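I opened my notebook beside the sequence and the model. I wanted to look up a few local features, one by one.

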Amino acid sequence: MSKLSRFVSGWWSQLSFRQALCLMLCVGALNIFSFAPIGMWPVQIAGMALLFALLSQHQVNSVPRRAAWLAWAYSLSWIFSCTSWLLIAMVRYGDLPIPLAVAALALLSAGLAMYAALSVWFALWLQRRWRISNDKLVLIILPALWMLNEWLRGWVLTGFPWSISGYALSNTMLAAFAPILGVYGLSFLSAVLSGIFSWIIISRFKKQRLVVGSSAFVAIFGAGALLTNVHWTQATGKPISVRLLQGNVEQDMKFDPAYLNASLELYRKMLTAAPADLIVTPETAFPLLTSMLPQDFLPRLNAYAQETHSALMLGVVVQDGEARYTNSLLGFSPLHADRAYRYDKHHLVPFGEFVPFGFRWFVHMMNIPLSELSVPDQMQSPMAVRDQFVMPDICYESLFGEEIAAQLSHQIASHLPVATILLNASNLAWYGNSFAMPQHLQFAQMRVLETGRPWLGVTNTGSTVVINADSSLKAQVPHLTRATLESSVQGYSGTTPYIFWGNRGILGLVFFILLTTCGLSQRAARKSHN
């Protein structure tokens with residue numbers, strides 16, 4: 001242990017600021033290994049622990065500006081590495097030169113990393129204002145504010161919560177906290193574990209702290225293990241048969257006029273190949289506006305739904321009038337014979353579906369269609385399919401667990417039909433054979449944990465899956481293949497604490513911890529002064 005102690009104290013605590021900055025850029029990039037498909041979540045705990053340890057050093061701690069830069073560098077490289085698949089869309093399909101695409105992603109990552117920088121600067125301000133010790137800084141203040149930094153990243157300016165730290169814990173025992181506190185609760189636990197590890201590092205692995213810290217790790221994971229025995233929801237109704245269609249249409253062919261008829265015929269044949277209780281296509285499977293489809297196309301599919309007693313859900317772009325378009329799912333079934341069920345995407349993708357203020361010049365340089373869509377209401381009804389109610393969302397919306405929870409909570413409070421099955425229709429062909437697909441699947445598993453409901457994921461190129469209500473994979477088809485996933489799914493009813501209070505639970509807990517810590521620290525400082 002003494003050799004380890006000498007090694008640890010011999011380099012990181014003596015780094016210059018520039019060396020520490022470079023180190024954080026490297027360590028932050030390693031976080032990509034914490035998420036799917038690799039799933040080495042301890043990498044994230046160790047990297048954040050090193051950041052917290054550096055922030056507690058006097059040469060950094062005494063200059064808040066330096067501390068903020070270290071957090072910014074760590075977060076920038078974390079976000080850049082975990083979203084590097086965006087380069088595929090910008091270069092291959094957006095026609096941007098590679099240097100400009102890299103610069104654009106770096107600019108996006110730099111902007112999002114500002115939340116981490118501000119949270120660290122505020123942590124050091126609190127430490128001075130309320131006379132908080134370094135131990136409390138790394139064990140309480142930094143973990144709490146790190147969670148708030150990620151929450152802000154997922155909320156401000158429509159939010160971009162991709163690869164926030166809580167997702168890395170989705171396949172650990174700590175995932176059992178998700179039905180209570182959601183993904184941001186797991187982010188807080190991840191930061192707490194990093195704080196404990198940092199606290200041990202700062203002490204140069206003193207035996208007492210090593211024992212206390214190890215005990216805290218065991219207690220946290222033990223609590224997660226106990227919570228795995230709690231079942232918040234229960235099976236309801238009879239299972240339904242599903243057919244999920246993965247057409248594997250290449251993105252550069254999808255909107256090519258020469259292939260439009262082939263795409264329409266492909267999905268028409270896949271839809272009508274066999275009946276099922278629910279048959280679903282991916283997002284925008286039909287690459288034409290509804291007003292441009294052949295006149296008899298949708299009526300023929302509706303007739304098939306009536307004849308076979310199947311429910312069809314189709315990914316299309318609906319035109320409601322001049323310059324009014326929505327990315328939608330249309331549903332035909334015996335219960336929707338006269339009027340199609342409709343779900344409209346409400347949380348739009350910046351640059352892909354709407355243009356943020358001041359960035360139209362950038363969009364004009366790209367060649368991605370449908371950059372401006374209408375924004376419908378968030379609260380929409382699920383679609384009845386035999387004994388079950390299926391609540392869709394589209395692509396990017398699966399990142400926002402609080403919105404899915406709010407929809408379920410609204411349905412319960414308003415005594416409306418409550419969704420028993422969640423469904424996501426996506427088109428990830430923009431991002432090729434990248435980490436975007438397994439990461440998107442990992443985020444879907446988190447939504448299952450938060451709501452206690454099974455998940456159907458149907459995509460153009462992958463991942464097309466059925467996820468059980470316990471977040472385990474029931475069925476999946478290979479990526480980048482044309483296939484139909486045939487399975488059954490059992491609906492679940494009931495409510496989790498997260499459905500009831502959303503992110504308010506973890507936000508209330510964190511603010512209570514911060515206020516209590518600051519108050520107790522100031523009281524202790526006054527007593528020692530007197």
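First, a term: helices (H or I, at least four residues) and strands (E, at least two) are DSSP runs, numbered from the N terminus. I noted that this is a predicted model, where local features need pLDDT of at least 70, side-chain atom pairs count only at pLDDT 80 or more, and totals for chains, interfaces and linings use all residues. Residues are numbered from 1 along each chain as its sequence is written, and side-chain values use heavy atoms, with hydrogens and water left out.

**Entry: cis peptide bonds**

I looked up Pro37. It lies in the loop between α2 (17-29) and α3 (42-55). The bond joining Ala36 and Pro37 is cis, with omega about 5°. I then went to the loop between β10 (455-459) and β11 (465-467), where I found Ser463. The peptide bond from Gly462 to Ser463 is cis, and its omega is near 5°. I wrote down the background: most peptide bonds are trans, and most residues other than glycine have a negative phi.

**Entry: positive phi**

Where is His415? I found His415 in the loop between α15 (401-413) and β9 (421-426). His415 is not a glycine, yet its phi is positive, at about 55°. Is His415 buried or exposed? His415 counts as exposed, because its relative accessibility is 73%. The scale I used: buried means under 20% relative accessible area, exposed over 50%, partly exposed in between (1.4 Å probe, protein chains only).

Next I checked Leu480, in the loop between β12 (473-476) and β13 (483-489). Leu480 has a positive phi near 55° and is a residue other than glycine. Its relative accessible area is 37%, so Leu480 is partly exposed.

**Entry: two packed helices**

I turned to α7 (residues 98-130) and α8 (residues 134-153). These helices pack at an angle of about 150°, with axes 9 Å apart. Axes are lines fitted to C-alpha atoms, for helices over the stretch in contact, and angles run from 0 to 180 degrees between N-to-C directions. I listed some contact residues, where contact means heavy atoms within 4.5 Å. Among them are Leu112, Tyr115 and Phe122 of α7, and Ile141, Leu145 and Trp146 of α8.

**Entry: a sheet**

Which order do the strands of the open six-stranded sheet follow? I read β6-β5-β4-β3-β2-β13, with mixed pairing. Two strands pair if DSSP finds at least two bridges between them. At the edges stand β6 (341-344) and β13, each with a single partner strand, so one side of each has no neighbour in the sheet. Neighbouring strands of this sheet are turned by 30° against each other on average, direction ignored.

I then looked at β3 (residues 278-280) and β4 (residues 311-321). These strands run parallel, joined by three bridges. Val280 stands opposite Met313 in β4. Helix α13 (residues 297-308) lies across β3, β4 and β5 (324-332), and runs at about 150° to β4.

**Entry: cysteines**

How many disulfides does the structure hold? I counted zero disulfides, a disulfide being a pair of cysteine sulfur atoms within 2.5 Å. Cys22 is in no disulfide, and its nearest cysteine sulfur, that of Cys26, is 6.9 Å away. At 47% relative accessibility, Cys22 is partly exposed. Cys26 is also in no disulfide. Cys26 is exposed, with a relative accessible area of 51%.
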